Amino acid sequence: MENQTYIQWKKSMVRAAKKMKTPIVGHYELTACCNLDCKMCFIHNADSNALRARELSTETWKRIFDEAYDSGLFFAALSGGECLMRSDFEELYLHLWKKRVRVGVLTNGTLISDGHVEFFRKYPPDFVRVSLYGCSEEGYLQVTGHKGFEKAVSAIRKLRDAKIRVSVVVTPSSYMKDEYIGIRRYCIENGFPCQSNNFLLLKNRECPEKDDHFLSIDDIVELSKAQYELSNGPAIPVEITPEPHGNSKVSPKGLTCNAGAGAAVVSWDGRMYPCVMLPIGDVSLLEMSYAEAWEKTKEAVGEMLLGMECVGCPYDDVCPKCPAMRLTGLYTGHCKPEVCELSRRLVAAGVKKLPDPGQAVPEAESCD
Ligand SMILES: C[S@@+](CC[C@H](N)C(=O)[O-])C[C@H]1O[C@@H](n2cnc3c(N)ncnc32)[C@H](O)[C@@H]1O
Ligand code: SF4
Ligand code: SF4
Ligand code: SF4
């Protein structure tokens, strides 16, 4: 069970930092290497394990962490690729931990040894988030090219038994269609806290032409409906739905989420972005300090144009909040027609509900 008081406190810290434009959250992709080969991955690809020489050294990461700390870092997430592939993982983790930075770990879980569990028990992480890529070895193989289901599940159990805050994340893609609901059900049955990454996937950064992992709108509606019904019972379809789109002729500028306001990402080769979803700014921490890179990242975010169609749109509340998902391009000021269609179809299927007219909609939470 997650500690709600801690989560509320963390959210309030992040909100305050966002107002002050302080990068309190840092997401660090320590490596592009991985022991798995997920077909939908946006970082790792067939060539990534040969790129070890271009990874940042231990000393460079420590320098980045020190500068980030001086800029206001308090919540770090170590990711990749698979961050446990780095032989200096514990050294880098401890470098942050000893500064009292809260350190989270994003992992596929298959490399977590008894030694890691002991290490995390001694130096507790903020969270360990394990991606689960199947509910059977066959399904897992289909997504990742390797068998790893039993290993990942065993790691989740061991972490939980050691009282480490562990949760599961699921990333549905065309390769996981058959097992997506099975994974969600497996997590419910086993008492694993579980969340899904949004259905709208990123392209691979190095091979943007690869697009066979994307789900169709029909697939997303079908999986969303099955997921809804797993928790809520039968969805009730809605016959008449409003047209998407408001009628503003002006695009709002800048973002309202945490990207480039309270959070920064550093890629495995040392570039800073406002968010994994927004590879913009393109500033290298090999050429400038964290504080300088942060200034440029904030500027890049400030130039973004939000969808003019979204202003006053009846679907604003049920549509994916992430601007990177809504927009046709980061500087066009227009939203993607397929996102509008998806939002409308989810409402028509009874999976999402439009707020009642006149009902106050709470301010959206930023992602961490
Ligand atoms: C790149 S992985 C790195 C950490 C670790 N290797 C893992 O698999 O959790 C971080 C998260 O991104 C998700 N992911 C992978 N490919 C994606 C894509 N194309 N779009 C969005 N998220 C993706 C993964 O499933 C995982 O939950
Ligand atoms: S385990 Fe994570 S980093 Fe590795 S290929 Fe899969 S999504 Fe990418
Ligand atoms: S992206 Fe969403 S909020 Fe924006 S116009 Fe389309 S449906 Fe409305
Ligand atoms: S809403 Fe999108 S761009 Fe903003 S922080 Fe969340 S994932 Fe990143």
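Predicted model: local features only at pLDDT ≥ 70, side-chain atom pairs only at ≥ 80, totals over all residues.
## Helix α6

The face of α6 turned away from its buried side carries two exposed residues, E150 and D161. A residue is exposed if 12 or fewer other C-beta atoms, placed from the backbone, lie within 10 Å of its own, buried if there are 20 or more, and partly exposed in between. Residues are numbered from 1 along each chain as its sequence is written, while chains are lettered from A and ligands numbered from 1 in the order in which they are written.

The buried residues of α6 are F149, A152, V153, A155, I156 and L159. Seen down the axis of α6, they fall within an arc of 155°, so they line one face of the helix. The arc is that of the directions from the helix axis to the C-beta atoms. An α-helix has 3.6 residues a turn, so residues three or four places apart point the same way. The buried residues of α6 pack against α4 (114-122), β4 (127-131), α5 (137-144) and β5. Contact here means C-beta atoms, placed from the backbone, within 7 Å.

The length of α6 (residues 149-161) also fits. At 1.5 Å a residue, its 13 residues should span 18 Å, and its end C-alpha atoms are 18 Å apart, which agrees. The expected span is 1.5 Å times one less than the number of residues. Just after α6, K163 takes a positive phi of about 65°.

## The sheet

Nine strands form an open sheet. Their order is β6-β5-β4-β3-β2-β1-β7-β8-β9, and the pairing is mixed. β6 (194-196) and β9 (283-284) stand at the edges, each with a single partner strand, so one side of each is left without a neighbour in the sheet. Two strands pair if DSSP finds at least two bridges between them.

β4 and β5 run parallel and are joined by four bridges. Here V130 stands opposite V168 in β5. β5 also pairs with β6 in the parallel sense, over three bridges. In that pair, V169 stands opposite Q195 in β6. β7 (residues 263-266) and β8 (residues 271-273) run antiparallel, with two bridges between them. V265 has Y273 of β8 as its bridge partner.

Side chains alternate along β5. Helix α7 (residues 180-190) lies across β5 (166-170) and β6, running at about 165° to β5. Axes are lines fitted to C-alpha atoms, for helices over the stretch in contact, and angles run from 0 to 180 degrees between N-to-C directions.

## The nonpolar core

The largest nonpolar core has 96 residues. A core is a set of buried Ala, Val, Leu, Ile, Met, Phe, Trp, Tyr and Cys residues joined through C-beta atoms within 7 Å. Those with the most contacts inside it are A76, L78, V130, I156, A259 and M272. α6 gives the most to this core, with six residues. In soluble globular proteins, nonpolar side chains tend to be buried together.

Leaving aside neighbours within four places in sequence, L78 is in contact with Y28, L30, C83, Y93, V103, V105 and L106.

## Loop residues

G262 is in the loop between α8 and β7. G262 counts as buried because it has 24 C-beta neighbours inside 10 Å. G262 and A17 are 245 residues apart in sequence, but their C-alpha atoms are 5.5 Å apart in space. Not counting residues up to four places away in sequence, G262 touches V14, A17, K18, T22, P23, I24 and V25.

H245 lies in the loop between α8 (217-232) and β7. Phi of H245 is near 100°, a positive value in a residue other than glycine. With 18 C-beta neighbours inside 10 Å, H245 counts as partly exposed. K21, in the loop between α1 (4-19) and β1 (25-29), has a positive phi near 55°.

## Helix α11

The buried residues of α11 (residues 337-348) are V339, C340, L342, S343, R344, L346 and V347. They pack against α8 and α10 (323-326). After α11 comes G350, whose phi is positive, near 85°.

Definitions and conventions
Contact = placed C-beta atoms within 7 Å.
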